[in-house]
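Thanks for making time this morning.

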Amino acid sequence: MPGYYDIDDIIMEEEPISVVFQVGAHGVGLLDPGSETNNVENGAKVDLPFWLAHELYLRQAVSISVPACFSQKTRKEIQADAACVDLRIRCPYFYELGCKIVPLVSDKSIGSFLHYAFTGRYKEILSKSHSASVVTVPKFSTRLTKEESQLFEAARSSMLAFKKWRLGGSRLEKASILGRKRKTTIPACPSTP
Amino acid sequence: MAGQSNPDLSVFSAPEVEFLAEDEMVEIVPNIRMEALNMICGDFGPFFPQIASKVPLWLAVALKKRGKCTIRTPEWMSVERLTQVLEAERESSREFQPLPFHYVEISRLLFDHAHDDIPDLYMVRSLIEDIRDVRFHKVETGLETISGRTHAVKLKNLSAMEVNIVRPFMVRALQAFYRHDSPQMIQQPRTMGGSRPQAVDRGPRRDLRPR
């Protein structure tokens, strides 16, 4: 589970969410690029990182609108074929963000939509990761979100390690630092008179 | 294990599982005479030429490399037994046949070091490969069916190396499904009768093997 120290969690919370301010805010005009004064008006639409939006939501200062990656267009695409949708371009932290957004937004169907998308793609991940062929991998793995690609990598690396072991060879590996030849010639330097 | 930068990945690497497998006992037929070996893990009795004795696999391989013995193939590694196991694996689509826990590692070690002691070497090798493929395919098809309701996955008679391969993937997949399928994520529509308490739906038990 993500925690305070989890790097992926921290990076995920940087994702921008568009919010609508419910109250006017003074002195933070920096957040709204369209404001002339140093204030944010009531009802202004601003893009904030998730951690800020979450805090302001708890103080009931903003209302959070559904991010673009959960829009109807994405839903249609995922319903058509879950495995081919390139989720990394839309939002590399698709699932984590969705999980965090669910209690905050009024749209209640996000949770089941995430579950549906994940189940669909999971089958593909399962079959592709265990086949351990180098060819099909690059095309498919660029479409996965961070969480899915961790899953994929875990399976693939353990499969590759097994294949490597099966081929045989000595159990002792030579340290890579020994492979480089040491330079025995002194590099030429200008002679100082 | 040692030196793993990411503790979430597999606990054992493949050579480590092989190392653990070397503790299995095998029968050897020494061709020299040697007195008893007293080791920390046990005493391995005096060796007389042509008298079979049981030793751990690591000792057997060490003696074999020095040309001091021949290794007798374990009785599960004969062509008839393996053909039986392969047939049974192919027939039952959900069960795994009982095989020695370290059969993959033992067979690989014997192929590498004692290939002249095994009758029908190529046949045995291809049979073991086929058995391994069929079992792994079964594991994969079983994994396709897990969902958020799966509380535990039971895999009976799976061998050490196979478990080691699927362990990181399965752990993460179960965690991911648990996160996505928790009741607060899938919020039921409020039109259901509110007075009825929602008991936790445990769902069907997902065994990869029927009890």
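Chain B has a mean pLDDT of 79, with 80% of its residues at 70 or more, pLDDT being the predictor's confidence in each residue on a scale from 0 to 100. Over residues 1-5 of chain B the pLDDT stays under 50, and the model has 6 contacts there beyond four places in sequence, where a contact means heavy atoms within 4.5 Å. Residues 188-206 of chain B are also below 50, with 10 contacts beyond near neighbours in sequence. Where pLDDT is low, the predicted coordinates should not be read in detail.

On conventions, this is a predicted model, in which local features need pLDDT of at least 70 and side-chain atom pairs count only at pLDDT 80 or more, while totals for chains, interfaces and linings use all residues. Residues are numbered from 1 along each chain as its sequence is written, chains are lettered from A and ligands numbered from 1 in the order written, and side-chain values use heavy atoms, leaving out hydrogens and water.

As for the fold, chain B contains 6 helices and 5 strands, taken as DSSP runs (H or I, at least four residues, for helices; E, at least two, for strands) numbered from the N terminus, and their order is α-β-β-β-β-α-β-α-α-α-α.

Finally, B:Thr150 sits in the loop between helix 5 (121-144) and helix 6 (160-180) of chain B. B:Thr150 counts as buried because its relative accessibility is 9%, the cut-off being under 20% relative accessible area with a 1.4 Å probe, protein chains only.

Terms used:
Buried < 20%, exposed > 50% of the residue type's maximum accessible area, 1.4 Å probe, protein only.
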